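I opened the notebook to record what I looked up, entry by entry. The notes follow the order in which I went through the topics.

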Amino acid sequence: MSGTRHEVFRSLGRWARSDVQAALVESAPDRAILRRWADTAEGKACFGPVLAATERDYGTQLAELEGLAEGAGVPVEDLLLTSLRGDFGTAARMGCSTLAWRRETTVVAHNEDGDPRLDGCLMLLTLLVEGEAAVTALWYPGTLPTNAFVATSQGLAWGINHIPAVRPSSAGAGRHFVARALHQAATLDEAVAHLRTHPSAGGFTYTIAEAASGRAAVVEAVAGRVAVVEATPDDPLHWHTNHLRHIPDPPDLPPADPQAAEVRGRYAESIARGRVLSGLTPGPAESPSTWYLQALCSAPLPHGVYRTAASPDPLMTLCTVIADMSNDTITIRRRTGETATCSLTDFTQGVPVTP
């Protein structure tokens, strides 16, 4: 999509109208729960400040959501609630596994895990907004293009992992809006500075790689707190799933009460995927994209991190993305196994990707 900001998002809403409307039908129960909670005393104390911070600091991104809603013919309030539902400690389903590598080459590799009902809905979206750097993102219709994988024409790429903040921060804004504003960061340092100075109520982890310097880092930005761990040639391989690893007294630890059994189960599943990734042993030479595909797609737990929605796991790996920043290539694997590789530079500009 190209043009002015309003043209881009209104056209996107029109083009994906049926997908956006279907996504809102699917998320209606979650929105109803959030609405009821927001009317309680506890809800007002949390929801009001987060909404106010979002409106105060992210008018540009809210305008994008309004354009999307206008084009899709849906209430912007519904899209806003959908975007904010992960900012209040809800027991959202947890997905995604991400790797960063830095030595002679720099790579970020990401499994995008989601509800199997979203299979066929996830798409590649390129935004060519006038006056801004080009961005290509994995996009779920009905949201801002923020919460999966992003590559920009400024030479950055990152995978995003959901973190269920059991103790969110009412001092932060909606995490989707913080993440969308990050798209215009020119460098890794600027991206880290943005996340340090723009707290989110809930949280994501960002595994970010930079082509110009060959640097890569994992940034945990959750409940107003940030931790950064950078890969080095001596410590080249870093991983992240859906639990915090670097923030002290992490705000995602599930409580011990019986009502949190589901949250504890999802936390344990993330720990198990992390255990698999921590056991990866790349060879002495720089690994090709096939190594990352093998690492992320070879098997489900307990031997791998690929997700198939086979009981008891409710999620599936919808696609896998490997961005080789040093060789300017990106490889995308569909759930059904087909892969395509193209120039990362072309990818950020919207050049079609074909198997």
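**Entry 1: salt bridges**

With which residue does E64 form a salt bridge? I found R180 as the partner, the closest N and O atoms being 2.8 Å apart. I used the term salt bridge for a side-chain nitrogen of Lys or Arg within 4 Å of a carboxyl oxygen of Asp or Glu. E64 sits in helix α4 (residues 59-72) and R180 in helix α6 (residues 175-181), so this pair ties together parts 116 residues apart in sequence.

A note on the source: this is a predicted model, in which local features need pLDDT of at least 70 and side-chain atom pairs count only at pLDDT 80 or more, while totals for chains, interfaces and linings use all residues. Residues are numbered from 1 along each chain as its sequence is written, and side-chain values use heavy atoms, with hydrogens and water left out.

Next I looked up how covered the two partners are. I called a residue buried under 20% relative accessible area, exposed over 50%, and partly exposed in between (1.4 Å probe, protein chains only). E64 is buried, at 1% relative accessible area. R180 is buried too, at 4%.

I then searched the whole structure and noted 22 salt bridges. One of them joins the side chains of R85 and D30, at 3.0 Å from N to O. This pair links distant parts of the chain, 55 residues apart: R85 is in the loop between α5 (76-84) and β2 (97-102), and D30 is in helix α2 (residues 17-38). R85 counts as partly exposed at 31% relative accessibility, and D30 is partly exposed at 40%.

I also noted a salt bridge between R215 and D189, with the closest N and O atoms 2.9 Å apart. R215 lies in the loop between β8 (203-210) and β9 (216-222), and D189 lies in helix α7 (residues 188-197), so the pair ties together parts 26 residues apart in sequence. D189 is partly exposed, with a relative accessible area of 47%.

The last item of this entry is a network of salt bridges, which links D113, E269, R273, R307 and D313.

**Entry 2: strand β7**

How many residues of strand β7 (residues 156-162) are buried? I counted seven of its seven residues, and the strand is mostly covered. In a regular strand the side chains alternate between the two faces of the sheet. For β7 I wrote down L156, W158, I160 and H162 as pointing one way and A157, G159 and N161 as pointing the other way, all of them buried.

I then looked for its partners, taking two strands as paired if DSSP finds at least two bridges between them. Strand β6 (residues 149-152) runs antiparallel to β7, and three bridges join them. In this pair F149 stands opposite G159 in β7. β6 and β7 form a hairpin with three residues between them, and G155 in the turn has a positive phi of about 85 degrees.

**Entry 3: helices α2 and α4**

Two packed helices are described by the angle between their axes and the distance between the axes. I looked up α2 and α4: their axes come within 9 Å and cross at roughly 105 degrees. The axes are lines fitted to C-alpha atoms, for helices over the stretch in contact, with angles from 0 to 180 degrees between N-to-C directions. α2 and α4 are therefore roughly perpendicular to each other (under 35 degrees counts as roughly parallel, over 145 as roughly antiparallel, 65 to 115 as roughly perpendicular and the rest as oblique).

For contact (heavy atoms within 4.5 Å), I listed R17, V20 and Q21 in α2, which meet E70, G71 and A72 in α4.

**Entry 4: backbone**

I noted a cis peptide bond from L301 to P302, with omega near 10 degrees. P302 lies in the loop between α9 (289-297) and β12 (316-324). S311 and P312 are also joined by a cis peptide bond, with omega about 10 degrees, and P312 lies in the loop between α9 and β12.

Technical notes
Helices (H or I, at least four residues) and strands (E, at least two) are DSSP runs, numbered from the N terminus.
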